[in-house]
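This briefing goes through one protein model and its ligand.

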Amino acid sequence: MPDDLQFDSLASPGVEFRKIDTDTDIMHTLGHYLYKARKAVAALFVSSIFPYRQSRTTDQSWERDYSTGHWDYLHTLQQAARYQVIAGYCQHFAPGGSILDVGCGDGHLQELLASAGYSRYLGVDLSTEAIQRAESRCDDRTEFRQIAVDDFETEERFDVIVFNEILYYLEAPMEVLERFGAFLTPEGIFVASIHSARSWNRRLWKMIAGRYRALDEVEVSHGSGKFWIIKVLTPKERSHES
Ligand SMILES: C[S@@+](CC[C@H](N)C(=O)[O-])C[C@H]1O[C@@H](n2cnc3c(N)ncnc32)[C@H](O)[C@@H]1O
């Protein structure tokens with residue numbers, strides 16, 4: 001096509017012709033994908049050689065974040081699919097069963113689980129503010145308790161223990177999983193959700209894979225670019241026993 005070809009005479013309101021340099025455009029797109037590939041390789045490298053590091057927070061920062069409404073976005077449409085997957089797993093693996101929700105926040109998951117039905121729901125969280133928000137929904141099957149993971153003890157056994165976006169805030173997540181394994185019924189399962197933005201979180205999945213078998217897993221990816229991996233886990237030693 002000759003360089004000086006003019007389309008201007010065809011232009012009308014709402015119709016525009018623009019000359020583009022195809023070579024420059026392709027180089028630009030290629031550059032973009034190369035940049036993304038380099039970032040992914042770097043993240044993979046970091047997560048495979050450095051030890052796990054928790055997301056740093058403090059008890060005060062959780063309280064502040066709940067009272068300023070920072071975590072309200074967890075109730076938005078952007079997050080909805082992730083919660084539905086977790087609720088779906090609970091329903092599938094333990095219909096009408098008992099659920100322990102570790103780091104339950106203001107109990108958003110409980111609202112979804114309640115419509116499907118459960119025999120018992122216990123939500124535990126470090127934040128007083130979060131638990132206060134949830135407490136109005138307590139009934140004879142539903143309880144919320146303000147307590148840190150490390151202090152939690154119980155004689156109860158649960159069909160499902162949910163770790164919904166909490167494991168990477170813990171200093172020793174593997175020890176916590178090990179300890180909470182004792183609170184599972186003989187056929188009980190863990191459901192864990194971990195968002196994938198940090199390379200340390202990918203490292204965490206590798207550590208988990210060393211000791212737990214994934215009975216199922218789903219990746220939830222939102223159009224905004226956020227994505228999460230949700231897995232149903234069972235201890236590997238249990239699969240050897242059966
Ligand atoms: C990202 S929020 C997720 C909340 C909820 N699971 C959800 O997805 O709606 C993480 C939650 O973990 C809680 N948390 C963090 N460290 C904790 C600990 N050591 N013991 C108990 N809860 C903790 C926080 O208070 C917060 O509510």
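**Helix packing**

Tyr83, Gln84, Ile86, Ala87, Cys90 and Gln91 in α3 make contact with His108, Leu109, Leu112, Leu113 and Ala116 in α4. Sorted by residue class, the contact of α3 with α4 has 8 nonpolar residues, 3 polar ones and no charged ones. The model is predicted, and the points below describe that model.

- Helix α3 covers residues 77–93 and helix α4 covers residues 108–116; their axes are 10 Å apart and the packing angle is about 45°.
- The handedness of the crossing of α3 and α4 is right-handed.

**Sheet layout**

- The open sheet consists of 7 strands with mixed pairing, and their order is β3-β2-β1-β4-β5-β7-β6.
- The edges are taken by β3 (142–146) and β6 (212–221); each has a single partner strand, so one side of each lacks a neighbour in the sheet.
- On average, and with direction ignored, neighbouring strands of this sheet are turned by 15° against each other.

**Strand pairs**

- Strands of a sheet pair through backbone hydrogen bonds, in either a parallel or an antiparallel arrangement.
- Parallel pairing links strand β1 (residues 98–102) with strand β2 (residues 120–125) over 5 bridges.
- Within this pair, Val102 is found opposite Val124 in β2.
- Strand β5 (residues 184–195) runs antiparallel to strand β7 (residues 227–235), and 6 bridges join them.
- Val191 sits opposite Val232 in β7.
- Strand β7 also pairs with β6, in the antiparallel sense and over 9 bridges.
- Tyr212 is placed opposite Pro235 in β7.
- β6 and β7 form a hairpin with 5 residues between the strands, where Gly225 has a positive phi near 105°.

**Ligand shell**

- How many residues surround the ligand, and which are the closest?
- The ligand is surrounded by 17 residues, and the closest are Gly103, Gly105, Leu126, Val149 and Asn164.
- By class, the shell around the ligand has 10 nonpolar residues, 5 polar ones and 2 charged ones.

How values were computed. Residues numbered from 1 in each chain as written. Predicted model: local features only at pLDDT ≥ 70, side-chain atom pairs only at ≥ 80, totals over all residues. Near = placed C-beta within 6 Å. Nonpolar A, V, L, I, M, F, W, Y, C, P; charged D, E, K, R; others polar. Axes fitted to C-alpha atoms, helices over the stretch in contact; angles between N-to-C directions. Helix = DSSP H or I, 4+ residues; strand = E, 2+ residues; numbered from the N terminus. Left-handed = near helix turned anticlockwise from the far one by under 90°. Contact = placed C-beta atoms within 7 Å. Pairing = 2+ DSSP bridges.
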